[in-house]
Amino acid sequence: MRRFFIFAAVFAVLVGLAGLVLTRPQRVDRTQLDGITPDLARGETVFYAAGCVSCHSAPDAVGQEKLNLAGGRRFESDFGTFIAPNISSDPVAGIGSWSALDLANALIHGTGPKGQHYYPAFPYTSYANMTAEDVASLHSFLGTLPAVTTESTAHEVGLPFNIRRGLGGWKLLYLKPGWVVDGDLTDQQILGRYLVEALGHCAECHTPRNGLGGLKRDLWLTGAPNPNGKGRIPGLTSDQLDWSEADIAEYLKSGFTPDYDSAGGEMVEVIENTSRLSDDERLAIAAYLKAVPVPQIEPPSE
Amino acid sequence: MMKRFSIFAAGLLTVAAIGTAIAHEGENPAVKARTSIMQLYAFNLGTLGGMAKGETEYDAEAATRAANNIVVLTQIDQSEMWPAGSDNVTDPSTRALPAIWENFPDVGAKGQALADAAVAMQAAAGQDVEALKGAMGNLGGACSACHKAYRAPKD
């Protein structure tokens with residue numbers, strides 16, 4: 001009997017240790033960015049395609065002011081209120097002191113420079129699929145933007161979600177690099193997939209989540225309740241969005257729907273970003289959306 | 001008994017019908033007027049958008065006509081079409097948010113941005129399809145800027 005208790009105790013310690021090991025923040029290989037020459041023009045494209053400005057600009061900033069990435073916008077969720085941090089080039093208040101590797105750890109593993117887990121309100125589950133070249137180029141481009149000294153505000157998150165170690169477990173479940181739509185895709189669809197699944201992080205809003213906040217990948221882009229409670233974020237699969245590829249590309253450029261109504265709500269800010277992409281990139285997004293499979297199961301009604 | 005019930009039911013139906021008629025009559029003509037202007041925008045934008053998307057062949061004259069119409073629409077004085085009490089809280093037939101009546105200077109600035117974008121389109125539409133495509137973005141951006149700030153989402 002005593003032996004059993006010793007065994008149980010050792011087992012518990014081992015499970016605990018394994019848990020600690022499994023939930024520790026991950027980092028990219030230190031050599032990952034070796035030999036990559038950042039391309040500023042590409043960095044600017046990545047910046048807009050990834051929509052950095054839509055969350056990290058100051059609340060109510062317009063026009064050029066939006067390039068001051070002071071943070072401060074509030075994002076309410078079932079887990080608490082997340083407040084976008086300052087990611088300007090200020091070395092103290094912002095991320096100006098970060099190396100490209102620091103940025104890679106943040107984007108690909110959701111790990112901060114001090115080895116802390118970030119909350120997935122920062123869409124690293126999508127950015128995990130970014131190429132090393134794009135990370136390095138984005139790092140260079142961010143360095144060219146203004147330094148802003150606004151202090152970042154702490155998230156308003158209560159127990160148990162304020163225990164960041166727990167995010168290691170969440171990442172084990174839901175941080176899954178790799179493509180959702182796979183199989184025989186054209187080059188154009190592959191470009192669109194990169195823009196939608198990795199940089200554009202469209203699924204973060206357009207795919208429903210489970211009770212733990214993980215994306216239901218089997219209901220990819222089928223629409224979801226609006227986290228702010230009003231209305232529904234529409235599905236983008238071909239059974240729900242019957243627009244032509246030209247219609248989708250035009251919407252992402254000018255915001256006009258096929259009826260020549262205009263976008264409203266959160267999509268207006270998304271279109272401010274996608275309007276800066278090329279026609280080819282917008283058409284690639286449209287081509288990808290047409291390739292997203294329509295799930296056989298009915299999305300749950302709210 | 002049955003007859004009485006029937007009379008009662010008929011009476012109820014009549015009341016309901018009158019109620020509906022009143023509700024219909026109560027539809028604010030100012031809301032109808034401004035919605036009509038939006039439809040005229042959409043119709044003319046459709047001409048330009050079809051060419052921008054490559055769905056219809058580029059036609060410099062037709063594009064110019066549509067762009068001219070859009071400029072005219074921006075010049076309509078809408079002062080009387082936005083009376084107090086024609087917001088979506090008071091009147092469910094509109095998606096116009098009460099914030100409009102609290103931010104007239106900003107609404108005016110956004111209207112001016114639309115007028116400027118329309119004039120730019122007027123200059124571009126007759127040039128060639130590339131110029132037309134280029135002007136669509138600002139025009140759409142001007143529409144969206146106001147709709148984002150001052151229009152309630154559908155549903």
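Predicted model: local features only at pLDDT ≥ 70, side-chain atom pairs only at ≥ 80, totals over all residues.
Student: What percentage of the residues in chain B is buried?

Tutor: Chain B holds 155 residues, and a residue counts as buried when its relative accessible area is under 20%. By that cut-off, the buried share of chain B is 32%.

Student: How far apart are the end C-alpha atoms of helix α5 of chain B, and why does that agree with its number of residues?

Tutor: Helix α5 of chain B covers residues 104-125, which makes 22 residues.

Student: Which elements of chain B do the buried residues of α5(B) pack against?

Tutor: The buried residues of α5(B) include B:Leu114, B:Met121 and B:Ala125. The elements that the buried residues of this helix pack against belong to chain B, and they are α2, α3 (60-75) and α6.

Student: How much area do chain B and chain A bury between them?

Tutor: The size of an interface is often given as the accessible area lost when the parts come together. Here 23 residues of chain B are in contact with 20 residues of chain A. Of the area buried between the two chains, 55% is on carbon and sulfur atoms, and the total is about 1,600 Å².

Student: Which three residues supply more of the area that chain B buries against chain A than any other three?

Tutor: Together, these three residues supply 36% of the area that chain B buries against chain A. They are B:Lys53, B:Ser144 and B:Lys148.

Student: Which residue of chain A meets the side chain of B:Lys53 in a salt bridge?

Tutor: Between chain B and chain A the count is 3 salt bridges. In the one that involves B:Lys53, the distance from N to O is 2.6 Å, and the partner is A:Asp247.

Student: Which helix gives the largest share of the side of chain B that touches chain A?

Tutor: On that side of chain B, α2 (29-52) and α6 (129-150) each supply at least two residues. The largest share amounts to 11 residues, and it comes from α6(B).

Student: Which elements of chain A do the buried residues of α12(A) pack against?

Tutor: Helix α12 of chain A covers residues 279-291, and its buried residues include A:Arg282, A:Ile285 and A:Tyr288. The buried residues of α12(A) pack against elements of chain A, namely α2 (40-49), α8 (187-199), α10 (245-254) and α11 (267-274).

Student: Is A:Gly214 buried or exposed?

Tutor: A:Gly214 lies in the loop between α9 (203-206) and β3 (224-225) of chain A, where the residues it touches include A:Trp170 and A:Tyr174. Because its relative accessibility is 0%, A:Gly214 counts as buried.

Student: With which side chain does the side chain of A:Arg73 make a polar contact?

Tutor: A:Arg73 has its place in the loop between α3 (52-56) and β1 (74-77) of chain A, and with a relative accessible area of 13% it is buried. The residues that A:Arg73 touches include A:Phe82 and A:Ile83. Its side chain makes a polar contact at 3.0 Å, and the partner is the side chain of A:Glu269.

How values were computed
Residues numbered from 1 in each chain as written. Chains lettered and ligands numbered in written order. Heavy atoms only, no water. Helix = DSSP H or I, 4+ residues; strand = E, 2+ residues; numbered from the N terminus. Expected span 1.5 Å × (residues − 1). Buried < 20%, exposed > 50% of the residue type's maximum accessible area, 1.4 Å probe, protein only. Contact = heavy atoms within 4.5 Å. Buried area = accessible area lost by both parts, 1.4 Å probe. Salt bridge = Lys/Arg side-chain N within 4 Å of Asp/Glu carboxyl O. Polar contact = N/O pair within 3.5 Å; in protein donor to acceptor, adjacent residues only side chain to side chain. Lists of a residue's contacts leave out its neighbours within four places in sequence.
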